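Open the model in your viewer and keep the selection tool at hand.

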Amino acid sequence: MKKLFCLFGLLMVAMVASAQQLPDVKVENAQGKIVPVKSIAKGKPMIISYWSIACKPCIQELNAINDALEEWREEADFEVVAVSVDDARLKASAKAIATSRGWEFVCLYDDKQTLKRAMNVSLTPQSFVVDANGKIVFSHSGYTPGSEQLLFDQILKLKK
Amino acid sequence: MKHLALFIAGLFVVGVASAQTQFGGGQISGSLETNSIYYVNDSKIGESPEDRFGSNNYLKLDYSNGRFSAGVQTNAFLPVLQGYEDLASGHKFYLSSKYVQWQDENFELYVGDIFDQLGNGLVFRSFEDRQLGLNNSLEGIRGVYNFGNYVSLKGMYGRPRLYTDYADSWVRAADLSVSLADIIGMESALLSLEGSYVNRYQSLSLDPMMDFSQVGLTSPNMDMYSGRVNFGWNGLSLRGEYVSKGKDLAAAAQQAERGSAILGEVGYNYGNFTFMGTYRQLDNMATRLSLYDAGVGNTLNYLPALTRQYTYMLANLNPYQVNTEGEMGGQVDLCYSLRNEDDRYRYWNFHVNYSLFYTLRKSQSVTGNHERLWQDFNFDIERQWAKKLKTIFLYSFQEWNPTHGYKHRTYVSNVFVGDVTYKFDRKKSLRVEAQYLWSHEYERDWVAGLAEFSFAPHWSVFFSDMYNNGTTKKNYYSGGFSYTQNRTRVQLSYGRNRAGYICSGGVCRFSPAYTGLNLVLTSSF
């Protein structure tokens, strides 16, 4: 019982959230070039979504964002960045999926998981909303159909 | 209990700190993960562990201020969950990593526990996998220098972590990358030449009971060299790597051997069509951090199975295990998406994958032939019918060799999966999976199902069952719910679990076999 109480304590602590800046690390882009993450931000808000080939809800989330993207972009100018954390085993398959699905995203390949560690991503899917100055203003773990709307709501808040 | 109290106290300090985003002009960020299981007796899969409770906890903290950053990670096993290597002693509380780093656009200096990879990882990869209890980071120093986009030079030196301790070896590595495309001004293309050198030094006289000269190992130094080329232009991509490895003793080997590896990859993309093909050849490439130890975590390089990784229970029952003594093979992926230009909610996604591996040398088998280690032909068809309804059908033909090529005998299974997602409205949805594995061999037929109801964005409830209709007649059931609040996610489930990837409630995890109550909490700040 004591242990359960302690775990509840952990939950309370974890609920304390704060904002952070996009980390200053480099990652591979769709062309295979190593680029600074900060160079992806071009003065626009961004949705950054972490995914992997073995994470079904991640791909569900990215598909859902892509489906809604045309409607969303009528209301706000923003970028979507899909970060694959697949390592050497699945990186080629991740590239095959990303290029064929018609995703209108910036695709990054974090096979060394440098960016994942820097942004403290424990599990996928995890998505972030970053404002035009590179400040992380929102994050969400997991995916349930419909929760992609949370991300767009944050993008709309940034317009105000 | 004392350690648990300390850990909790540390967390409260973190809680206070995390509320103060700006700290001395910099910022603090971090993450917390706790995975706790209460084990119950289950005669179907054996007795529960002596200690009914297991809890693995990880707290990571980072501080950054301009070009400077630093961080620590503490692990608390209170006691460790069952199935983790080298942690059978139970309770453990320790600092698993720490670092300080300074970097600008062209220069980086890093002191601490290094997580890095050279090339495709064939010669060096240090990483953490919490589900497997693996952390082979290098405690030492790393320097990186970039001359614009033209040349990148990296060097590192340190001692590798071996589970909760350190190996009695030292590793030094260097890596050079030259971008010819940037040098000659080809902005739209990628053309780079790369090379790596890795050395492991370990004294051969640490244990008087072990005489390495008897198995042909006389030098404490083991060297690996890697040469790579990368090319990309207009939808076409080519990658190649060759590795030469000096004499080394693999864990299961009777004699020290030289090693080598070849990796080739070709990719082509045109519109919504993509082709990817990978070939890999491994010859005595298993490389340990320490010659005096064994285990999954005792590995300096990364030699993953180049096969499809499934998210469906039955397709993952008998995954391919790499034969590091010697294998040759590869996989191809073909993807095509047929999309309705007038309606983004209506499309077809097609994916075909084929992987095939054989033993490298005829001498690896008693038959005197190259034996088939693995074969998997699979395809899936995903159809988004409308905004509310999506279906997926998957078929996989898998053939695997239970003796890793030593004998000719292989087992064959056919896996069929149907997956339907229906959205009732913007928040409520139901996903149902039906799976069947048809086989005349090993455990014969299996059947499985999963139902998951989600109420976005917070709640998800699920139930799954997997039943062997062949020889064992065992069923593996699981039910639970998850709650997500922004960066924090809690999942509580109860069930009998087989080892493997389980995806539900929006997250995929590797789960060891157990029966019990599982609480998982993750958060970042």
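Helices (H or I, at least four residues) and strands (E, at least two) are DSSP runs here, numbered from the N terminus. This is a predicted model, in which local features need pLDDT of at least 70, side-chain atom pairs count only at pLDDT 80 or more, and totals for chains, interfaces and linings use all residues. Residues are numbered from 1 along each chain as its sequence is written, while chains are lettered from A and ligands numbered from 1 in the order in which they are written.

**Chain A: the layout**

Select chain A and colour by secondary structure. Walk along the sequence and the pattern reads α-β-β-β-β-α-β-α-β-α-β-β-α.

Next, colour by burial. A residue is buried if 20 or more other C-beta atoms lie within 10 Å of its own, exposed if 12 or fewer, and partly exposed in between, with C-beta atoms placed from the backbone. Of the 160 residues in chain A, 57% count as buried.

Now turn to contacts: two residues are in contact if their C-beta atoms, placed from the backbone, lie within 7 Å. Among the contacts in chain A with a separation of 6 or more, 69% join residues 24 or more positions apart.

**Helix α5 of chain A**

Select residues 148–159 of chain A, which form α5. Which residues of this helix are buried? They are A:Glu148, A:Leu151, A:Gln154 and A:Ile155. Look down the axis of α5(A): the buried residues fall within an arc of 120° (taken from the directions from the helix axis to the C-beta atoms), so they line one face of the helix. An α-helix has 3.6 residues a turn, so residues three or four places apart point the same way.

**The cores**

A nonpolar core is a set of buried Ala, Val, Leu, Ile, Met, Phe, Trp, Tyr and Cys residues joined through C-beta atoms within 7 Å. The largest has 47 residues; A:Ile47, A:Val81, A:Ala82 and A:Val83 touch the most other members. Apart from it lies another core, of 28 residues, including B:Phe115, B:Tyr163, B:Val198 and B:Val322.

Centre on A:Val83. Setting aside neighbours within four places in sequence, its contacts are A:Ile48, A:Ser49, A:Tyr50, A:Leu108, A:Asp110 and A:Leu115.

**Chain B**

Switch to chain B. Two helices and 32 strands come up. Its radius of gyration, taken over C-alpha atoms, is 25 Å, close to the 24 Å that the globule rule (2.2 Å times the number of residues to the power 0.38) gives for 525 residues, so chain B is as compact as a globular protein of that length. The C-alpha trace spans about 60 × 60 × 60 Å along its principal axes. Buried residues make up 43% of chain B.

Most residues other than glycine have a negative phi, and most peptide bonds are trans.

- A:Pro125: the peptide bond from A:Thr124 is cis, with omega near 0°. A:Pro125 sits in the loop between α4 (114–118) and β7 of chain A.
- B:Pro79: the bond from B:Leu78 is cis, with omega near -5°. Look in the loop between β4 (68–77) and β5 (92–103) of chain B.
- A:Gln113: phi is positive, about 60°. A:Gln113 is partly exposed, with 19 other C-beta atoms within 10 Å.
- B:Asn234: phi is near 50°. B:Asn234 is exposed, with 10 other C-beta atoms within 10 Å.
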